Amino acid sequence: MNTPAPSCVDDTAPALLLKRGERLLEPDVYRTCLNGQPAVVKDYTRYKGTPLSLVARLLVRREASMLKRLSGWKHAPALLGTIGGLALGMEFIPGQTLSAATSVGVEVFEQLQFALSRLHAAGITHNDLHGTNVMVNGGVPVLVDFTSAWRSPRWLPVHPVSRQLRRSDMKNLLKMRQRLTGERPTESQAALVADPRWVAGVRVAWKRFYRWFKGV
């Protein structure tokens with residue numbers, strides 16, 4: 001069941017905290033009104049006056065730039081602006097996340113796969129595609145949280161790293177689809193998202209380093 005958009009009569013009404021940022025460079029997220037429009041704000045102002053404020057400003061600027069580039073696309077929220085350089089305001093998307101859904105129709109995933117292919121064709125990868133970052137509003141999937149998104153330079157689309165990022169997005173999509181519809185990936189889909197040997201090697205090396213670093 002979709003959640004109706006809250007009315008916005010007064011921009012000074014108290015904000016509703018949706019998520020408290022607890023990890024490093026994780027913003028507070030709250031629902032509020034901006035210029036009379038329902039909005040979600042990602043707020044990094046707790047880093048104001050600290051060395052990390054520079055990184056937080058960069059994160060806000062990057063995500064704002066990405067949402068501006070996707071302006072008018074129904075599968076991404078509209079950018080409403082930045083606030084003081086340390087907060088980002090975007091359109092509030094009513095509905096539910098895929099994580100909260102108990103069942104989702106195949107047509108939603110078909111739309112999501114098409115949206116992801118369009119994103120990749122534009123040289124953009126989401127890089128954090130999981131259930132809580134996909135809202136479903138009126139049967140339409142909307143990608144949110146473009147903090148980790150990356151737009152490859154025109155000369156880099158066939159680079160192995162760019163291909164791996166696209167592969168990772170698609171792999172996460174297929175996992176969500178299987179969990180919510182029970183449909184397993186086809187052989188061709190499984191082959192498409194299978195990690196090449198160099199990726200497996202990097203992961204093994206990283207795990208070894210991490211165990212050594214932690215003294216395990």
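Biologist: So helices (H or I, at least four residues) and strands (E, at least two) are DSSP runs, numbered from the N terminus. Where is the place of Lys-42?

Modeller: Lys-42 sits in strand β3, which covers residues 37-43. This is a predicted model: local features need pLDDT of at least 70 and side-chain atom pairs 80 or more, while totals for chains, interfaces and linings use all residues. Numbering starts from 1 along each chain as its sequence is written, and side-chain values use heavy atoms, without hydrogens or water.

Biologist: Got it. Does Lys-42 count as buried or exposed?

Modeller: Lys-42 has 7% relative accessibility, so this lysine counts as buried (under 20% relative accessible area; exposed is over 50%, partly exposed in between; 1.4 Å probe, protein chains only).

Biologist: Who does Lys-42 touch, leaving out residues up to four places away in sequence?

Modeller: Taking contact as heavy atoms within 4.5 Å, Lys-42 touches Pro-27, Asp-28, Val-29, Glu-63, Leu-86, Ala-87, Leu-88, Met-90, Asp-145 and Thr-147.

Biologist: Leu-88 is on that list. Which strand is it in, and what stands opposite it?

Modeller: Leu-88 belongs to β5, and Lys-42 stands opposite it. β3 and β5 pair in the antiparallel sense, over five bridges (strands pair if DSSP finds at least two bridges between them).

Biologist: How many bridges join β2 to β3?

Modeller: Seven, and those two strands also run antiparallel; β2 covers residues 28-34. Thr-32 stands opposite Ala-39 in β3. β2 and β3 make a hairpin with two residues between them, and Asn-35 in the turn has a positive phi of about 55°.

Biologist: Switching topic: in what order do β6, β8 and β9 come in their sheet?

Modeller: The order is β6-β8-β9, in an open sheet of three strands with antiparallel pairing. β6 (96-97) and β9 (140-143) stand at the edges with a single partner strand each, so one side of each has no neighbour in the sheet.

Biologist: How many bridges does β8 have with β9?

Modeller: Four bridges join them, with β8 spanning residues 134-137. Val-134 is opposite Leu-143 of β9.

Biologist: Last one: what is Leu-112 in contact with, neighbours within four places aside?

Modeller: Val-134 and Leu-143 turn up again: both are in contact with Leu-112, along with Leu-98, Pro-141, Leu-173 and Met-176.
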